[in-house]
Amino acid sequence: MKKFVLAAAIASTLFLAGCSDKVDESTITNIVQTSQYEQPNLGITAKTTPFEVKNLKITKVLLDTKTDYKAEVSYDLVANKSLDEFKTSMKALAAKPKAPDTAADTTTDDMSSALHTLKNNLAAEVMVVAFSAKYGDFKAGQTVDTVNETVSMQKVNDQWIKD
């Protein structure tokens with residue numbers, strides 16, 4: 001009985017270890033979502049992005065090795081908030097004052113703060129105008145686009161990243 005339990009444990013460990021290298025639709029969805037529809041430097045994070053990748057399907061695998069993966073995929077781009085809600089969230093983000101660069105730097109230079117606010121306001125407006133121009137006056141829950149694209153990824157430090 002002990003040998004059977006040990007053999008089952010080893011087999012399941014090897015099976016699970018082998019699966020960790022496998023690219024699936026969930027892995028690609030996460031990579032596409034974070035690389036294309038989230039822009040942290042502009043304040044568009046998982047919480048503020050107006051779009052979500054849904055129903056991703058791998059239509060054709062072009063390359064599949066231990067370190068490289070390339071496939072043609074198709075997915076729906078669904079608005080998880082309306083254009084107006086996105087605009088409001090971006091304005092709120094742009095209005096936040098700049099955090100000090102270091103713990104010792106608790107005083108904020110007026111010019112630096114003004115430039116930070118201007119940059120955030122411009123970035124917010126540009127993103128709102130760009131999304132509006134591309135997808136119109138979208139509403140929460142609306143599928144704004146069905147995307148067909150080729151996704152290339154590389155495995156770096158045991159994690160898949162977009163190429």
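Author: Happy to! Lys139 and Asp137 join their side chains in a salt bridge, with 3.2 Å from N to O. Please keep in mind that this is a predicted model. A search through the whole structure turns up one salt bridge. The general idea is simple: side chains of opposite charge can pair when their charged atoms come close.

Now let's step back along the chain. Just after helix α4 comes Gly136, which has a positive phi of about 75°. Helix α4 itself covers residues 110–135, which makes 26 residues. From its first C-alpha to its last, α4 reaches 37 Å, close to the expected 38 Å. Several of its residues are buried, including His116, Ala123, Met127, Phe131 and Tyr135. What do the buried residues of α4 pack against? Their partners are β1, β2, α3 (83–95) and β3 (143–156).

Two of those partners belong together. Strand β1 (residues 51–64) pairs with strand β2 (residues 68–79) in the antiparallel sense, over 10 bridges. The two form a hairpin, and three residues lie between β1 and β2. You can find Phe51 opposite Ala79 of β2.

Gln33, in helix α2 (residues 25–36), has Phe51 among its contacts, along with Thr49, Glu52 and others, leaving aside neighbours within four places in sequence. Is Gln33 buried or exposed? Gln33 counts as buried because its relative accessibility is 12%, and the cut-off for buried is under 20%. The Gln33 side chain also reaches the backbone nitrogen of Val53, at 2.7 Å.

Finally, here is the whole picture. The protein has four helices and four strands, and along the sequence they follow the pattern α-α-β-β-α-α-β-β. Of its 163 residues, 30% count as buried. Among contacts between residues at least 6 apart in sequence, 69% join residues at least 24 apart. The accessible surface comes to about 10,500 Å², and carbon and sulfur atoms account for 57% of that.

Terms used: Residues numbered from 1 in each chain as written. Predicted model: local features only at pLDDT ≥ 70, side-chain atom pairs only at ≥ 80, totals over all residues. Heavy atoms only, no water. Salt bridge = Lys/Arg side-chain N within 4 Å of Asp/Glu carboxyl O. Pairing = 2+ DSSP bridges. Buried < 20%, exposed > 50% of the residue type's maximum accessible area, 1.4 Å probe, protein only. Contact = heavy atoms within 4.5 Å. Areas by Shrake-Rupley, 256 points an atom, 1.4 Å probe, with all protein chains shown as cover. Polar contact = N/O pair within 3.5 Å; in protein donor to acceptor, adjacent residues only side chain to side chain. Expected span 1.5 Å × (residues − 1).
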